[in-house]
Structure formats: C-alpha cells, structure tokens
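Visitor: I've got this one open on my screen and would like a tour. Please take it piece by piece.

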Amino acid sequence: MPLLIFEPGKPGTVIDKTVSQCDIVPTVSDKIGLQTDFFGMGRSAFDSTYAGYSIHRDNNQNFAIHYPYTLGM
C-alpha cells in the first residue's frame with residue numbers, strides 16, 4: 001500500500017522500497033526535521049542505508065516482503 005506525504009510547493013519524491021506501518025513515525029519525523037532518537041522497530045524511508053522490508057500475517061500465513069521478493073511461511 002502506498003504512503004503519500006504531501007508538502008505544498010515541494011516537488012514529489014518517489015521512494016521505491018518496501019516499508020511497513022512501523023516506518024511511518026520515523027519517516028514523518030525525518031521529513032519534518034525532528035532530530036530525536038526514535039525507540040521503535042521502524043526506520044525512515046528516506047534513510048538511504050535502509051533497504052526496507054515488511055512482515056505481516058494473513059490467513060494463518062506469515063509473509064516477509066523485501067521488494068521484489070516475498071517469502072510465505
């Protein structure tokens with residue numbers, strides 16, 4: 001599912017990596033320039049050292065997604 005952050009008057013940026021809900025807070029904090037330690041599982045989608053991944057459960061199956069790969073267990 002895509003995440004859209006709207007900034008009036010700024011050009012758009014496309015980040016082509018898999019992120020999850022736990023990445024939203026650090027991503028928004030990074031975007032607004034909040035310089036603080038974040039104690040959680042997520043990382044900013046704007047962090048170039050973060051490859052991005054997502055883990056979720058659906059219909060009694062676990063999935064690990066690291067675009068373009070999906071592992072179902």
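Visitor: Where do I find Asn-59?

Guide: Bear in mind that this is a predicted model: local features need pLDDT of at least 70, side-chain atom pairs count only at pLDDT 80 or more, and totals for chains, interfaces and linings use all residues. Residues are numbered from 1 along each chain as its sequence is written, and side-chain values use heavy atoms, with hydrogens and water left out. Strands (E, at least two residues) and helices (H or I, at least four) are DSSP runs, numbered from the N terminus. With those labels, Asn-59 falls in the loop between E1 and E2.

Visitor: Buried or exposed: which is Asn-59?

Guide: The cut-offs are under 20% relative accessible area for buried, over 50% for exposed, and partly exposed in between (1.4 Å probe, protein chains only). Asn-59 has 71%, so this residue counts as exposed.

Visitor: What is phi of Asn-60?

Guide: As background, most residues other than glycine have a negative phi, and most peptide bonds are trans. Asn-60 is another residue of the loop between E1 and E2, and its relative accessible area of 66% makes it exposed. Asn-59 has a positive phi near 50°. For Asn-60, phi is positive too, near 60°.

Visitor: How many bridges join E1 to E2?

Guide: E1 covers residues 54–58 and E2 covers 61–66, and the two run antiparallel. They form a hairpin with 2 residues between them, and Arg-57 stands opposite Asn-62 in E2. Strands pair here if DSSP finds at least two bridges between them. For E1 and E2, the number of bridges is 5.

Visitor: Moving along, which residue in E3 is the bridge partner of Phe-63?

Guide: E2 also pairs with E3 (residues 69–72), in the antiparallel sense and over 4 bridges. Within that pairing, Ile-65 partners Thr-70, and Ala-64 partners Leu-71. The bridge partner of Phe-63 is Gly-72.

Visitor: Which are the edge strands of the sheet?

Guide: The sheet is open, with 3 strands in the order E1-E2-E3 and antiparallel pairing. An edge strand here pairs on one side only, and that holds for E1 and E3.

Visitor: What is omega for the peptide bond from Tyr-67 to Pro-68?

Guide: Pro-68 belongs to the loop between E2 and E3, strands that form a hairpin with 2 residues between them. The bond from Tyr-67 to Pro-68 is cis, with omega near 5°.

Visitor: What relative accessibility does Ser-54 have?

Guide: Ser-54 is part of strand E1. Leaving out residues up to four places away in sequence, its contacts (heavy atoms within 4.5 Å) include Thr-18, Ser-20 and Phe-63. Ser-54 counts as buried because its relative accessibility is 11%.

Visitor: And Ser-20, which residues does it contact beyond four places in sequence?

Guide: Ser-20 sits in the segment before H1 and is buried, at 19% relative accessibility. Beyond its sequence neighbours, Ser-20 touches Tyr-53 and Ser-54.

Visitor: How far apart are N and O in the salt bridge of Lys-31 and Glu-7?

Guide: A salt bridge means a side-chain nitrogen of Lys or Arg within 4 Å of a carboxyl oxygen of Asp or Glu, and by this rule there are 2. Lys-31 is in helix H1 and Glu-7 in the segment before H1, so this pair ties together parts that are 24 residues apart in sequence. Lys-31 is partly exposed at 34%, as is Glu-7 at 26%. The N to O distance for this pair is 3.0 Å.

Visitor: What accessible area does the nonpolar surface patch have together?

Guide: Patches take residues with over 30% relative accessible area and no salt bridge, joining like charges within 9 Å and nonpolar side chains (Val, Leu, Ile, Met, Phe, Trp, Tyr) within 5 Å. Among the members are Leu-3, Ile-15, Val-28 and Phe-46; Leu-3, in the segment before helix H1 (24–32), is partly exposed at 46%. Areas come from the Shrake-Rupley method with a 1.4 Å probe, and for residues only the protein chains shown count as cover. Together the patch has about 650 Å².
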